[in-house]
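Biologist: Please show me the model, and then take me through a few of its features.

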Protein chains: 2
Amino acid sequence: MLEARVKQAAVLKKLLDAIKELVTDGNLDCTDEGIALQAMDNSHVALVSLKLVAEQFESYRCDRNMPLGVNLTSLTKILKCAKDQDVVTLKAPDDADSLGLVFESPKEDRVGEYEMKLMDIDQEHLGIPDTQYDATITMSSSEFQRICRDLAALGESVKIEASKEGVRFSSEGEVGNGSVLLKQSAGTDRSAGSSSKKAVKRDPDEEDEEEIEEDEKPEIDDEEGEDEQDDEDRSKKRKSNGKSKTAKKAKKDESTSEDIGVSIILEKQVSLTFSLKYLTNFAKSAPLAREVSLHMSNDVPLLVQFDFEQGTLQFFLAPKVGWGLILTNIHAD
Amino acid sequence: MLEARVKQAAVLKKLLDAIKELVTDGNLDCTDEGIALQAMDNSHVALVSLKLVAEQFESYRCDRNMPLGVNLTSLTKILKCAKDQDVVTLKAPDDADSLGLVFESPKEDRVGEYEMKLMDIDQEHLGIPDTQYDATITMSSSEFQRICRDLAALGESVKIEASKEGVRFSSEGEVGNGSVLLKQSAGTDRSAGSSSKKAVKRDPDEEDEEEIEEDEKPEIDDEEGEDEQDDEDRSKKRKSNGKSKTAKKAKKDESTSEDIGVSIILEKQVSLTFSLKYLTNFAKSAPLAREVSLHMSNDVPLLVQFDFEQGTLQFFLAPKVGWGLILTNIHAD
DNA sequence: CACCCCTCTA
DNA sequence: TAGAGGGGTG
């Protein structure tokens, strides 16, 4: 059976808001390591991979692996019945054909119990290669969202160019062209460092527990050993490692993106073009995490990753291969 | 070439929000005196006249006169890509077929560069007569907006009656009739005074200071020598000249209409009826200026004027000549 | 393209 | 609790 207890319904709500427009149905793969969901988006262009790690639940028990086929639209509806601070307990017996959800108010004076029908979904579990990316950009998630929204007003796709100096997002369209250049924050230049060669490790937790140190963050390793409840420091610690200088006071009315800064880990310059429709959708996850990281290599799907307290949400999107790019490749041969 | 630098994108955004629903295309007439835009609204009922004076730009350079035909919808879209505090630089070479816009974050860690296609627009430059109005009402712009919005819920047009005692806005409709009477603030009665014969002033407040003409603005800055660079205090201080009672702490974000009061300069009583649809549109400029002035003479187009730090925005609208009014006129003979 | 509703922030 | 901004619908 499964019994997983989440401290705050809010995180589940945000998660569903983040992915429900991309994916309508999916299997919640429950194991003793946690709950994962992996699915192609409805048009089979993007891949969504969510992982909620067992240790980050208030309590977690899963006796055996269970794929729970859920309709995310339904789940969203039911989660709307929970207040943000409610404690949520997910329950499913081993032979479940439905998922139970219990919402308890913090004062324990209200209990909501819901049951959602499950469905059978053919498991197309995709192996996500543990890619080594040429460029990893970490930035404010709200700034990322802002840029995607802005450029989406101009054109349908965005070219992302990462160099040591910064990252440029540019788009072209009928009304005109536009580009946004974010300069790398001072003191965060870690390009060409050996650490930059590490692969992304956040999601494939299982695969490389030891390799966790894409930017020399020993503390993160600690958490694996004794990650009781200090989990919420997890993401913060990581941030403070990378950019202590961003600790300035936060001017609230400027969407606080200022005090996060941009860090670029660059193995090789990259220039890739993506559909803004999808990126805008990915960016809806901004409420989940202050930071987002973009992982890119030429001709390889982009990985957009949000790390939050309870786990990780990843989006993969293949670059647009327009005529320009094809010609480029031909000539490059 | 043109290169004009604006300290805060916010003012441009507000300007476009203010006029984009009335005018979709127009020429930005750039001269060494500044940037002007004059256009009939899309249904050729109202006239919009915007003037941004060169001196109020952070820097301004315009080598020769250039009419830049812009689509205001496109310009609005591009301005949405700027944050409110961004520094905006408008650029156009002499033979430009596009307008460049550069948005720089205050911290200079983000640069947005946009290019907007220009269009050829037949210049129908209208001479606006320097009319002497029988009545000039100065009031809180947000109060004006509120009244227009309220009355628009009742009827399609509003009758504005200005007398020495105050100004009455009234409307009639299916659900009922309504009127708002604003009494003139104490101490501002200047009707039949010689000053009331002056032509439209940029900022009627200045009339309180005897004879300060609209072109002598620079001196106003001087006399307030203590406000170093914070030009944004300028307009506030000016107000405090005219009505010291408004000198209280100016809470900027809540445009408290209360402490602005109503002043009426009356040469002759007027009673005119206007389409609320248009007035409501004009009133959208409220974020630009704390005050608005309404200039009226019987049977002459209304002038609604907003004076802000960088310039002036004027709207002209012919009165409705409904049967009621025609009959009135006939009987008046 | 405009209008209305909902959500988030102040 | 009210206002502003963003998203969605007609």
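Modeller: Helices (H or I, at least four residues) and strands (E, at least two) are DSSP runs, numbered from the N terminus. This is a predicted model, where local features need pLDDT of at least 70, side-chain atom pairs count only at pLDDT 80 or more, and totals for chains, interfaces and linings use all residues; side-chain values use heavy atoms, without hydrogens and water. Residues are numbered from 1 along each chain as its sequence is written, while chains are lettered from A and ligands numbered from 1 in the order in which they are written.

Biologist: How many salt bridges does the structure hold over all chains?

Modeller: Side chains of opposite charge can pair when their charged atoms come close. A salt bridge is counted when a side-chain nitrogen of Lys or Arg is within 4 Å of a carboxyl oxygen of Asp or Glu. Over all chains, the number is 27.

Biologist: How many residues apart in sequence are the parts that Glu58(A) and Arg5(A) tie together?

Modeller: These two side chains form a salt bridge, with 3.1 Å from N to O. Glu58(A) is in the loop between β4 (46-53) and β5 (59-62) of chain A and Arg5(A) is in strand β1 (residues 2-6), so the parts they tie together are separated in sequence by 53 residues.

Biologist: Are Asp86(B) and Arg110(B) buried or exposed?

Modeller: Their side chains meet in a salt bridge of 3.0 Å, N to O. Buried means under 20% relative accessible area, exposed over 50%, and partly exposed in between (1.4 Å probe, protein chains only). By that rule, Asp86(B) and Arg110(B) are both buried.

Biologist: At roughly what angle do the axes of helices α1 and α2 of chain A cross?

Modeller: Axes are lines fitted to C-alpha atoms, for helices over the stretch in contact, and angles run from 0 to 180 degrees between N-to-C directions. The axes of α1 (residues 9-19) and α2 (residues 72-79) of chain A come within 10 Å. They cross at roughly 145°.

Biologist: Which residues of α2(A) make the contact with α1(A)?

Modeller: Contact means heavy atoms within 4.5 Å. From α1(A) come Leu12(A), Lys13(A), Leu16(A) and Ile19(A). On the α2(A) side are Leu72(A), Leu75(A), Thr76(A) and Leu79(A).
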